[in-house]
Amino acid sequence: MLEGKVEHGRGGFGVDIIISGSLFGAIPAMWLIPALHGKIEPLMGMCPRVPGEKIPGEAPGTGWFAVVAIMITPGSASFAYLEAWDIEAGVYEPEFLEEYGMSFFWVGIGAIVLTFLIPIAAWKLGNRGKKLPEVNAEEAVRIAQASVDSADEEISESFSRENRR
C-alpha cells in the first residue's frame, strides 16, 4: 500500500509544494500588498503603515530567532511527508469503542459540560445577595462617544500624514 504512494509522491509532492507556495502564496502577495496598502487597514480599525516605522509583531532579526526557525523546519517537513504518505501521527482511536460504541463519547462531553457549568453556578450562588453597581446610561454613552471621536481623529491624522508624503 505504501509503495504506490511513495512512487507517486517522489516528484509530485515537491512540485505540489513549490507550485502551491509560489502560485497561491508569493505571486498574489506581491500583487496584493502594494495594491491594498492604506486601503484595508481603516476597514479593520487600524492606522495605515507608515514607511520607516517599526512594524508591530515583526519577527526579530536576531540570530537565535533564525536558529530556532531553522531547527523546527525539519519537524514541519516531516509532518508534511507523513501527511503526503497518508500516515496518521497522533490519531486517537481508542480500543474501548468496539466494546462500548460511539455513544461512550457522550461521557466525555458530559464531563466537559459539567466542568463548564459548575463554576458558573458557584459564581452565581456566591453573588446571589450582592447588588450590581448602578450605571448611568447617559454617562456611559458620553464616554463611548468620546472614545470613538478620539479614534476618528487619530485615523484622520494618520491619513493626512500619509497624504502629505
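Here is a short chat about how some labels on this predicted model come about.

User: Before we start, what are the ground rules?
Analyst: It's a predicted model, so local features need pLDDT of at least 70 and side-chain atom pairs count only at pLDDT 80 or more, while totals for chains, interfaces and linings use all residues. Residues are numbered from 1 along each chain as its sequence is written, and side-chain values use heavy atoms, with hydrogens and water left out.

User: How do you know that the span of helix α2 agrees with its 22 residues?
Analyst: The expected span is 1.5 Å times one less than the number of residues. For α2 (residues 63-84) that gives 32 Å, and the end C-alpha atoms are 32 Å apart, so the two agree.

User: Where does α2 bend?
Analyst: At T73, by about 25°, with a proline, P74, following within four residues. The bend is the angle between axes fitted to the seven residues ending at a residue and the seven starting there. Just after α2, D86 takes a positive phi of about 60°.

User: Why is L23 called partly exposed?
Analyst: Buried means under 20% relative accessible area, exposed over 50%, and partly exposed in between (1.4 Å probe, protein chains only). L23 has 43% relative accessibility, so it counts as partly exposed. L23 lies in helix α1 (residues 2-36).

User: How much of the chain is buried?
Analyst: Buried residues are 5% of the 165 residues.

User: What makes W64 and F65 an edge-to-face pair?
Analyst: Rings of Phe, Tyr and Trp (its six-membered ring) pair if their centres lie within 6.5 Å; planes under 30 degrees apart are stacked, over 60 edge-to-face, and the rest tilted. By this rule there are three aromatic pairs. One of them is W64 and F65, at 6.0 Å centre to centre and 85° between the planes, hence edge-to-face. W64 is exposed because its relative accessible area is 56%, whereas F65, at 32%, is partly exposed.

User: And why is the Y81 and W85 pair called tilted?
Analyst: Those centres are 5.9 Å apart with 40° between the planes, which makes the pair tilted. Y81 is partly exposed at 40% relative accessibility, and W85 is partly exposed too, with 31%.

Conventions. Helices (H or I, at least four residues) and strands (E, at least two) are DSSP runs, numbered from the N terminus.
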